[in-house]
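Okay, everyone, thanks for coming. Let me put today's structure up on the screen and walk you through it.

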Amino acid sequence: MSKPESKGHNARKELDIVLSRLNALEVSATDNFQKSVIGILRVLAETQIHSLDEFEHIKKAMDLLMMQIFKVENKVNSSL
């Protein structure tokens, strides 16, 4: 059985779709103003993707830290 996708993964997929659409819009943009707005939107989407990636790293680090805390707690309790 496969595990369900995380919310972060779904958001990442949606942001990738947004970036693809922005690329298509940029190709069809007729003036510099439209291209500039698309550029700003692209930076915002890329920043969101980066934030999601960093959040995933933080979650993994917290999980590893909790595992270490439990190991120490078990050693302390077993030595009593």
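So, buried residues make up 11% of the 80 residues in the protein chain, where buried means under 20% relative accessible area with a 1.4 Å probe, protein chains only, and exposed means over 50%. Keep in mind that this is a predicted model, with local features needing pLDDT of at least 70 and side-chain atom pairs counting only at pLDDT 80 or more, while totals for chains, interfaces and linings use all residues. Residues are numbered from 1 along each chain as its sequence is written, and side-chain values use heavy atoms, leaving out hydrogens and water.

What's in the chain? Two helices and zero strands; these are DSSP runs, H or I of at least four residues for helices and E of at least two for strands, numbered from the N terminus. In a box along the principal axes, the C-alpha atoms take up roughly 75 × 30 × 10 Å.

Now look at H1. Its buried residues are Gly-8, Leu-15, Leu-19 and Leu-22. They cover an arc of only 65° around the axis, so they sit on the same side of H1; that arc uses the directions from the helix axis to the C-beta atoms. Turned away from that side are the exposed residues Glu-14, Arg-21 and Val-27.

And what covers the buried residues of H1? H2 is included in that cover. For instance, Ala-45 touches Leu-15, Val-18 and Leu-19, not counting residues up to four places away in sequence, with contact meaning heavy atoms within 4.5 Å.
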